[in-house]
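I opened a new structure and kept notes as I went. The entries are in the order in which I looked things up.

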There are 4 protein chains.
Amino acid sequence: MPANTPLTADARGVFPIAPTPFFEDGTIDVDSIDRITDFYLACGATGVTVLGQLGEAPKLEHAESVDVAERMIRRAGRLPVVVGVSAPGFAAMRALTREVMDRGAAGVMIAPPNTLRTDDQIVGYYRQAVEAIGADVPFVLQDYPLTFSVQMTPGVIRRIVQELPSCVMLKHEDWPGLEKISALRGFERDGSMRHISILCGNNGLFLDYEVERGADGANTGYAFPDMLCDVVRLQAEGRREEAHDLFDAHLPLLRYEQQPGVGLAVRKYVLMRRGLLSSAAQRKPAAAMSAQARAEVDHLLSRLARHDPRAAGLASA
Amino acid sequence: MPANTPLTADARGVFPIAPTPFFEDGTIDVDSIDRITDFYLACGATGVTVLGQLGEAPKLEHAESVDVAERMIRRAGRLPVVVGVSAPGFAAMRALTREVMDRGAAGVMIAPPNTLRTDDQIVGYYRQAVEAIGADVPFVLQDYPLTFSVQMTPGVIRRIVQELPSCVMLKHEDWPGLEKISALRGFERDGSMRHISILCGNNGLFLDYEVERGADGANTGYAFPDMLCDVVRLQAEGRREEAHDLFDAHLPLLRYEQQPGVGLAVRKYVLMRRGLLSSAAQRKPAAAMSAQARAEVDHLLSRLARHDPRAAGLASA
Amino acid sequence: MPANTPLTADARGVFPIAPTPFFEDGTIDVDSIDRITDFYLACGATGVTVLGQLGEAPKLEHAESVDVAERMIRRAGRLPVVVGVSAPGFAAMRALTREVMDRGAAGVMIAPPNTLRTDDQIVGYYRQAVEAIGADVPFVLQDYPLTFSVQMTPGVIRRIVQELPSCVMLKHEDWPGLEKISALRGFERDGSMRHISILCGNNGLFLDYEVERGADGANTGYAFPDMLCDVVRLQAEGRREEAHDLFDAHLPLLRYEQQPGVGLAVRKYVLMRRGLLSSAAQRKPAAAMSAQARAEVDHLLSRLARHDPRAAGLASA
Amino acid sequence: MPANTPLTADARGVFPIAPTPFFEDGTIDVDSIDRITDFYLACGATGVTVLGQLGEAPKLEHAESVDVAERMIRRAGRLPVVVGVSAPGFAAMRALTREVMDRGAAGVMIAPPNTLRTDDQIVGYYRQAVEAIGADVPFVLQDYPLTFSVQMTPGVIRRIVQELPSCVMLKHEDWPGLEKISALRGFERDGSMRHISILCGNNGLFLDYEVERGADGANTGYAFPDMLCDVVRLQAEGRREEAHDLFDAHLPLLRYEQQPGVGLAVRKYVLMRRGLLSSAAQRKPAAAMSAQARAEVDHLLSRLARHDPRAAGLASA
């Protein structure tokens with residue numbers, strides 16, 4: 001299979017984090033993979049990330065992971081697909097990387113294991129990861145201290161970027177994180193770090209200002225990736241207040257979806273209501289959404305519909 | 001000095017977390033203590049908490065802590081004042097508790113040390129704390145896993161409430177936390193736990209739905225405590241959509257202020273712009289706000305002013 | 001292939017934790033698997049555990065893991081073989097469990113992920129694990145807070161044992177841990193918990209007193225498993241001071257090998273010097289032993305040889 | 001009061017960590033402070049540390065801490081006394097430092113708060129601590145990851161030493177820690193770090209080899225500080241095997257006392273049996289030693305007495 005164009009440090013825009021669609025019985029819903037991928041293409045996404053933290057990757061057997069990635073790569077066509085390959089050991093990371101790169105992935109994403117503490121441990125881990133997967137595979141550095149308990153200073157990120165040429169993108173999810181973006185872009189300006197792409201995660205909770213700080217876009221799974229695309233585009237066009245108006249209208253729901261644990265259930269529910277997933281099911285073990293939580297999300301959708309027609313008619317009540 | 005009315009499990013409304021005001025040279029600005037206390041009284045607060053997590057308590061010498069608490073207690077008059085007495089040892093906790101209760105505090109707030117892990121350790125810690133401060137001192141249980149790394153299940157909170165009658169309030173800052181409120185109120189309904197007051201922290205990030213879940217109000221330091229009071233009041237009056245409209249207008253700024261670390265600088269800056277603090281200074285060590293962050297807060301204030309006149313004219317630019 | 005006898009709660013004696021033998025080039029040294037298995041049989045071990053925490057399991061690809069387990073199961077003959085199946089997701093855990101049980105494993109060992117905090121989370125995790133692997137597969141509960149940061153009280157262990165009949169053994173590695181053994185045996189005496197096997201890990205650092213507290217033996221990888229067998233046997237025969245004399249002679253080396261990180265290198269070095277492994281190589285990434293560390297281990301072996309002839313001639317200098 | 005000689009980077013030998021002696025009713029037993037201080041002087045200690053991690057400092061009110069330190073400073077005469085001043089805030093740290101330095105302390109010891117993660121955070125914390133206490137106060141850097149969860153690489157320690165001239169000693173308690181000593185001494189040899197004193201803690205569990213790696217001695221609370229002094233002296237005299245023989249004889253008990261939590265009870269019990277404390281009491285909250293634990297310690301003392309006459313007659317049974 002011909003490989004997609006490799007991921008580069010010039011990537012911009014929105015790479016949605018794709019959920020893994022399941023039917024109620026836990027089997028993989030491949031039609032929904034196609035449908036959501038088509039949606040990403042249609043709404044202006046510039047790439048896709050699959051098998052990320054919220055892609056329920058640990059609930060997939062190895063062969064399933066490869067299948068899900070391959071299906072999305074095929075359907076995404078011209079869009080670069082990044083595959084999450086974080087694993088407790090380098091053997092599993094290498095195996096999955098090889099298989100998905102052979103099938104046309106544009107690059108891989110690697111999160112740090114939550115046992116890393118010191119700067120040297122963090123840099124050393126990524127050095128070893130690159131040895132394992134090969135220096136020719138572009139990778140995304142995931143910086144998500146809230147979930148992984150690993151704190152990377154701007155200086156540590158610079159060390160990784162400078163030492164490892166295959167690091168082409170930062171999935172920026174530190175919190176707070178605005179000053180970190182400014183610091184990294186400052187390193188680029190003062191010549192101490194080469195340019196990398198910075199796409200922001202954390203459900204986009206600060207995307208409004210992150211792009212103003214120099215981020216290149218978003219890399220997150222909020223259930224309205226079309227809004228993320230619009231905000232990035234409006235900011236690029238200099239229509240700042242319009243960007244903020246749209247973002248602020250979504251913020252109540254976005255904040256609700258950003259909650260750890262229950263957030264994935266909310267996201268899948270909204271994606272189902274939007275017709276992009278045939279079911280909101282998660283594979284077990286899964287945290288279910290209570291009736292009251294669903295009523296709250298419906299309420300948020302109804303309120304959002306007053307500002308964004310894309311939310312109209314989505315509430316189930 | 002006559003003691004204030006003790007804190008009880010019937011407390012409702014908004015207890016702002018008061019900042020400790022400093023001048024630029026690090027000395028305590030007592031006039032600002034009076035001014036902000038008057039403001040709390042005027043805007044409908046039903047209590048105040050001083051020397052909390054964001055009150056820079058660890059930067060105060062013991063005598064200063066007592067002075068700050070005493071000043072606020074005197075000025076607050078009829079308002080109950082809760083004093084944060086969390087400390088690494090029970091000796092310091094007991095000493096501060098005695099001194100502030102003697103000066104008229106209504107109760108104390110105790111956060112768990114971040115070394116606690118098991119359910120039994122958590123319950124045991126509060127048992128020992130009550131032995132140290134005395135079973136006659138009403139106390140607030142602070143449940144803030146994001147900062148303290150201590151996770152209390154609803155069942156653990158119930159054990160503490162049932163075993164320790166002096167536990168009268170939960171400062172609820174778990175995240176996500178909506179289901180926890182529902183679970184605790186469910187315990188009350190099924191008779192397995194006596195009623196306690198639940199006031200919500202975490203800068204009020206979910207206050208809109210927390211009060212709908214059964215919380216009694218807020219106990220947090222957002223720079224517009226008057227908005228918090230309004231939201232709680234509107235919800236109590238059944239004006240639900242008005243409450244959400246007001247809350248949503250503040251959410252972009254509220255979210256910005258809720259960031260760990262830099263949040264306190266933002267809060268003090270806005271309180272200064274509102275004329276409630278004479279300076280935004282923190283005692284060292286302090287994280288300063290960058291010029292860009294200040295511009296962002298000004299931008300947020302300008303946008304907020306379109307919906308809430310209390311924000312008009314606050315932006316410095 | 002005929003299954004081995006399943007692991008039961010009556011297991012006693014010593015189950016060495018087998019290292020995974022590698023050649024210098026990183027390939028698996030299957031002859032050393034046979035050799036060390038024969039040694040375990042000869043020295044009185046009553047079982048073996050493979051692919052444990054120190055078996056470098058995360059460095060093996062899935063098929064390799066199955067091969068290593070199968071090789072050891074075949075060679076071990078009558079000895080029950082327990083296979084470590086801890087994984088970040090239940091899909092991988094289930095897959096490996098099925099394959100090794102099909103090949104004759106006696107049971108599996110499951111460590112908790114280091115994100116678990118509350119009692120309910122811990123119990124819930126094991127409930128889900130049993131759902132994943134099947135209630136018919138005997139499993140070993142690994143309680144190792146130093147490495148996994150998960151603290152299980154005796155009460156939590158009792159909840160797991162009572163709720164999940166397939167939990168037949170505790171790999172006890174809490175530190176300190178003597179009172180925990182007494183508490184669990186107390187639960188058995190007062191009828192609140194059924195009997196389970198307790199084998200002790202943590203390199204045997206407290207084995208001398210653990211067996212006196214009621215533990216059934218050892219389940220650890222110290223490079224002299226024959227000493228562990230002797231201590232357990234001597235204690236069973238009532239030859240207490242002889243047991244302590246032998247144990248104390250080994251304690252200086254045992255303590256040295258028990259160090260996190262470097263410990264595995266020490267263990268493989270000594271096993272190589274004993275002729276049980278053809279190489280001390282670890283698969284990358286691996287912490288090498290410094291020249292000075294090797295000299296220290298040689299010194300410890302020389303000193304040990306004065307008390308235990310099995311250490312004679314092992315020092316490389 | 002005339003100040004003692006300030007602590008310098010040339011400190012060598014053994015600085016025992018002094019316990020805080022209490023009577024059964026929780027009051028401070030000042031006579032035992034004198035008695036144990038005299039013992040330290042008699043057995044060859046070259047300094048003393050008071051109010052350390054195991055000195056129950058958090059259970060003391062501020063005035064009591066100053067009293068305990070002052071009493072020991074007076075009695076210790078020519079011996080330098082280091083005072084633990086670790087605190088959650090710099091205000092309390094500065095206050096205690098000033099008071100004990102005014103009373104003749106030789107320096108202070110500062111442990112890192114367990115929230116520090118990155119290299120920059122660690123260095124920044126010590127920079128701020130020195131600003132708080134004054135650059136003229138010699139301080140001991142405590143590196144104890146097992147308890148504080150803060151991991152300092154050799155490089156971070158070098159940054160602190162090079163930036164802060166008042167850092168004169170490392171209390172080395174990393175585990176494993178032998179290579180760290182070698183690395184730091186290597187920095188001194190290659191000229192990249194000035195010389196500092198390295199005294200080892202962690203109950204002396206690796207003191208036998210730590211002094212061979214370049215450590216200057218011990219700074220820990222094992223109940224036989226006279227043994228620690230002997231081992232350091234024997235090694236200095238080149239009597240290596242005698243040093244190891246003595247150390248190994250103590251290792252079974254030393255390991256037992258090194259257990260977290262219960263260790264302090266063991267230590268105070270043995271010190272009481274030695275006649276150095278009038279009581280083994282701890283102030284509440286305290287973990288009591290079970291009857292079985294006491295029997296084990298008695299057993300260990302009886303066995304130790306076969307090799308070291310100082311342990312003769314100490315067992316209570």
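Conventions. I worked with a predicted model, in which local features need pLDDT of at least 70, side-chain atom pairs count only at pLDDT 80 or more, and totals for chains, interfaces and linings use all residues. Residues are numbered from 1 along each chain as its sequence is written, chains are lettered from A and ligands numbered from 1 in the order in which they are written, and side-chain values use heavy atoms, with hydrogens and water left out.

Sheet. I took helices (H or I, at least four residues) and strands (E, at least two) as DSSP runs numbered from the N terminus. Two strands pair if DSSP finds at least two bridges between them. In chain B I found an open sheet of eight strands with parallel pairing, in the order E1-E8-E7-E6-E5-E4-E3-E2. Strands E1 (13–14) and E2 of chain B are at the edges with a single partner strand each, so one side of each has no neighbour in the sheet. I then looked up E5 (139–143) and E6 (167–172) of chain B, which pair in the parallel sense over five bridges. Leu141(B) has Leu170(B) as its bridge partner in E6(B).

Helices. Axes are lines fitted to C-alpha atoms, for helices over the stretch in contact (heavy atoms within 4.5 Å), and angles run from 0 to 180 degrees between N-to-C directions. Helix H3 (90–102) of chain B lies across E3 (81–84) and E4 (107–110), at about 155 degrees to E4(B). Helix H7 (178–189) of chain B lies across E5, E6 and E7 (197–200), at about 175 degrees to E7(B).

Loop residue. I found Glu56(B) in the loop between strand E2 (48–50) and helix H2 (62–76) of chain B. Buried means under 20% relative accessible area, exposed over 50%, partly exposed in between (1.4 Å probe, protein chains only). Glu56(B) counts as buried because its relative accessibility is 4%. Leaving out residues up to four places away in sequence, Glu56(B) touches Thr20(B), Phe22(B), Leu264(B), Lys268(B), Gln282(B) and Arg283(B).

Cysteines. A disulfide is a pair of cysteine sulfur atoms within 2.5 Å. I counted zero disulfides over all chains. Cys43(B) is in none, and the nearest cysteine sulfur, that of Cys229(B), is 4.2 Å away. Cys43(B) is buried at 17% relative accessibility.

Copies. I noted that 100% of the interface residues of chain C are also interface residues in chain D, so the copies meet through the same surface.
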